[in-house]
Amino acid sequence: MQEPVLAVRDVVKVFDEGSQKVEVLKGVSMEVAPGEVVALEGPSGSGKTTLLSIMGCILTPTAGEVEVAGTRVNSKRPDELRAVRRRSIGFVFQQYNLFPALTALENVEYSLNVKGLRGRRAADEAARVLERVGLGDRLRFLPRDLSGGQKQRVAIARALAGSPRVILADEPTANLDTAAGTQILDLFRDLAKGDGKGLVIVTHDPKVRKVADRVVGIRDGRLAA
Amino acid sequence: MVSLARKNLFHDRLRFFITVAGVAFAVTLVLVQVGLFMGLLGKATVTIENCGADVWVTSKETPNVDFAHTFPETAVLRVRGVTGVQRADNLIVQFMNIQLPSGAEEGSLVYALEDFRAWNLPWRVDAGDVDDLKRGAYIMMDVSAERRFGPFEVGEYREMLGRRFKIIGTTAEAQSFTTAPIVFMGYKNAQEQLQTLQGKTQYVLVKLAPGADRAAVIAELRRRLPYNDVWSREEWARRSRAYWVVSTGLGMNMGITVFLGVLVGIVVVAQTLYTSAVEHVKEFGTVKAIGGSNWDIYRILGEQALIAAVIGFALGGLLSLGMQPLMARLHLNVLISPSFAAAVFAGTVLMCLGAAMLSFRRVATIDPALVFRA
């Protein structure tokens with residue numbers, strides 16, 4: 001097997017809720033290979049969003065280790081976690097989370113600005129990834145003027161900008177109709193296979209199974225067989 | 001670089017308008033109120049600043065130029081004997097009632113000198129010759145007196161303390177802080193008007209010889225005139241201003257106005273920026289999730305505050321300048337000097353940045369994990 005682009009090993013996450021400690025993840029281990037699409041399924045409260053947050057270096061595990069793009073992330077320092085996110089991880093959210101005041105192009109360009117790319121190079125790169133997701137004719141559109149599927153494409157372009165090795169998607173088809181959802185999943189698959197990115201999709205959508213190389217279930221903080 | 005700050009600010013136009021209007025209101029309030037105060041305060045020292053005297057000798061503890069006390073007029077001889085003094089003359093500044101044609105009486109502030117021209121008083125003469133003042137029972141009145149005294153013409157007579165004076169000229173810009181119109185008359189005439197002024201003066205004006213050491217001359221004058229105060233022009237102007245600012249509570253009044261103006265600005269800007277920050281929590285969470293730091297978000301809020309400050313100041317400044325001619329019609333002088341405007345601009349920027357900082361704590365606690373919540 002190829003060197004994984006993303007790995008979590010024996011990850012435990014405990015949240016303090018008042019006087020109680022709630023163990024949300026109870027020793028989770030999984031790896032994602034380059035070009036692999038992994039569907040992560042589970043009922044509400046099973047710990048899949050927590051696992052996604054830990055994989056995305058937004059949360060740190062109570063125990064266990066995380067490895068992103070060949071680098072072990074053992075720091076709890078916010079600036080180092082931010083650096084990993086900027087460098088190696090792209091996010092796609094259920095609600096798109098686009099900036100309403102920015103055009104499609106600016107949404108992607110701003111993301112590149114945050115990652116350290118500025119000026120003409122950022123604008124060109126943003127236009128390039130938007131072309132790639134089929135929105136070359138919608139660069140100057142505000143999110144309010146785009147359909148749900150187009151918004152999600154902008155979100156995908158934003159996640160792709162800067163060429164991260166890992167894409168983490170949280171219910172990316174939940175707000176889309178069947179046709180748009182299918183198109184988005186096909187796009188995800190093409191991007192993963194074409195660029196060798198590791199892709200984890202948290203979902204309840206059975207359509208995702210069709211494009212996933214592997215389906216991983218999670219129940220009560222443990223990966224199910 | 002994409003400015004999320006600017007785009008967000010202009011995206012919600014109503015909020016932007018409210019923010020800018022709040023800043024503009026605060027700026028206008030401060031500029032006009034303080035400008036009016038400065039204009040008024042300018043009257044407290046207008047004669048000091050236009051008079052050709054480098055040094056003023058006053059009676060002990062004279063609080064300001066309008067409220068003069070008498071001392072023997074022979075003091076001027078001792079002043080003239082000091083090395084470095086080119087010229088020294090007595091000056092009387094005295095309130096005297098003036099009888100109006102209507103039968104009413106009004107107060108006036110008389111400036112009396114033997115040689116007005118030598119001291120550049122009055123500095124703006126619209127009609128008449130100041131040299132004629134010493135040649136008889138003559139006066140010159142400032143045109144601003146028309147508001148209090150009614151219309152008057154050169155050649156008319158007015159009675160002051162029972163004696164008729166002929167108006168032989170008019171002046172402009174000579175106004176006192178007390179609003180009593182300034183009347184110019186000969187030194188001897190003024191002394192003859194009041195028993196208390198016989199053989200007395202109220203000030204000695206001193207002009208220094210070219211190259212004279214002002215500090216040394218002042219020190220020598222203080223030594224020779226231990227029962228008087230001796231002030232440089234700047235010290236005397238400062239003292240006169242300070243009297244009205246501090247002793248009358250006007251300064252406190254103005255300070256409260258400025259404070260309220262700034263408070264209004266801070267409340268409006270802080271409130272709108274804070275609400276905006278709360279409404280954009282998910283966006284800020286996204287900024288953090290994609291790798292942005294708290295400082296990236298602080299910069300957004302700071303830039304928004306700065307834009308609001310610049311545009312609000314520009315609008316408030318224009319509004320204040322527009323009010324100047326309107327106020328002038330009401331005989332109110334709104335004095336907005338470049339340095340004052342610069343200080344208000346700096347204050348506006350600080351005010352807006354300070355207001356933005358109130359939102360910093362809120363955005364610092366934003367958890368980027370919220371981006372995964374539906």
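Two strands pair if DSSP finds at least two bridges between them. Strands (E, at least two residues) and helices (H or I, at least four) are DSSP runs, numbered from the N terminus. This is a predicted model: local features need pLDDT of at least 70, side-chain atom pairs count only at pLDDT 80 or more, and totals for chains, interfaces and linings use all residues. Residues are numbered from 1 along each chain as its sequence is written, and chains are lettered from A and ligands numbered from 1 in the order in which they are written.

**View 1. β4(A) pairs with β1(A) and β5(A).** Strands β1 (6–17) and β4 (63–68) of chain A run antiparallel over 5 bridges. Val8(A) has Val66(A) of β4(A) as its bridge partner. Val66(A) also bridges to Val73(A) in β5(A). β4(A) and β5 (71–73) are antiparallel over 3 bridges. Their hairpin has 2 residues between the strands, and Ala69(A) in the turn has a positive phi of about 50 degrees.

**View 2. An open sheet of 6 strands in chain A.** The order is β6-β7-β8-β3-β9-β10, with mixed pairing. β6 (89–92) and β10 (222–224) stand at the edges with a single partner strand each, so one side of each lacks a neighbour in the sheet.

**View 3. β6(A) beside β7(A).** β6(A) and β7 (166–170) pair in the parallel sense over 4 bridges. Phe91(A) stands opposite Leu168(A) of β7(A).

**View 4. Chain B touches chain A.** Here 21 residues of chain B contact 27 of chain A (contact: C-beta atoms, placed from the backbone, within 7 Å). Helices α1 (4–11) and α9 (281–289) of chain B each supply at least two residues of the chain B side. α9(B) gives the most, with 5 residues.

Definitions and conventions
Contact = placed C-beta atoms within 7 Å.
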